[in-house]
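Subject: Structure for your review

Dear colleague,

Please find below the structure that I am handing over to you. My notes on it follow directly after.

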Amino acid sequence: YNCERRKWIWMNYYEFYDLTLLFHPDKKIVRKKYIQISKACHPDFFAADSSINQEQALQKSSFNNEAFDVLSNDRKRIKYVLSLLIDDSIKKQVPPDFLMEMMEVNEQVMMLSMDQNKEAEIELKETISSINTTLNEQLNQLTSAYDTQADHSLLTSIQEVLMKLQYM
């Protein structure tokens, strides 16, 4: 990895690490690429170089840190992949039926804040946990299916489930 070449500035994180665009890249390879670039471009190695080389090494090292942060975090990575694959100008909304379900959950939370009922509290926590588990399973199934088939029709569903999880 040459820190003096600046073409990486126009790359996405997958191109930067020379990886196939997947929702679930091999985390060991992501870490390996991160370490390789870190070793080659750490700003301390360029302390005696020109200020231009120092700045480029700092920028590439920073970009490497950002890439690793996103690609090693499931939720950030899924959001990032969607940003690469879906036109951002198309604003999606959380489905109304899900919002209604969340309104009911919020009402239960408000009721519990007024009347401390341990049984109702446990039941509500189980309900919320179940919704989260179901959504996470759906997200994993959809993103894994996309990685296998590259079926762009799945992207809308992935985005919808991710929005629901963010709402939670």
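In which segment does N12 lie? N12 lies in the segment before α1, the helix of residues 13-16. Please bear in mind that the model is predicted, and that every value in this message is computed from it.

A polar atom of the N12 side chain lies 2.9 Å from the backbone nitrogen of E15. When neighbours within four places in sequence are left aside, N12 is in contact with Y80 and L84.

The next item is a pair of helices. Two packed helices are described by the angle between their axes and the distance between the axes. Here, the axes of α2 (residues 27-41) and α3 (residues 51-71) come within 10 Å of each other and cross at roughly 165°. Because an angle over 145 degrees counts as roughly antiparallel, α2 is placed in that class relative to α3. The crossing of α2 and α3 is left-handed. On the α2 side, the contact is made by V30, R31, Y34, I37, S38 and C41. On the α3 side, it is made by A57, K60, S61, N64, N65, F68 and L71.

D18, in the loop between α1 and α2, has a phi near 55°, a positive value in a residue other than glycine. With a relative accessibility of 63%, D18 counts as exposed, since the cut-off for that class is over 50%. A150 is not a glycine either, yet its phi is positive, at about 50°. A150 is found in the loop between α6 (118-149) and α7 (154-167). At 47% relative accessibility, A150 counts as partly exposed.

D147 is found in helix α6. Although D147 and F23 are 124 residues apart along the chain, their C-alpha atoms are separated by 6.4 Å. Leaving aside neighbours within four places in sequence, D147 is in contact with L22, F23 and H24.

Yours sincerely

Notes:
Residues numbered from 1 in each chain as written. Predicted model: local features only at pLDDT ≥ 70, side-chain atom pairs only at ≥ 80, totals over all residues. Heavy atoms only, no water. Axes fitted to C-alpha atoms, helices over the stretch in contact; angles between N-to-C directions. Helix = DSSP H or I, 4+ residues; strand = E, 2+ residues; numbered from the N terminus. Parallel < 35°, antiparallel > 145°, perpendicular 65-115°, else oblique. Left-handed = near helix turned anticlockwise from the far one by under 90°. Contact = heavy atoms within 4.5 Å. Polar contact = N/O pair within 3.5 Å; in protein donor to acceptor, adjacent residues only side chain to side chain. Buried < 20%, exposed > 50% of the residue type's maximum accessible area, 1.4 Å probe, protein only.
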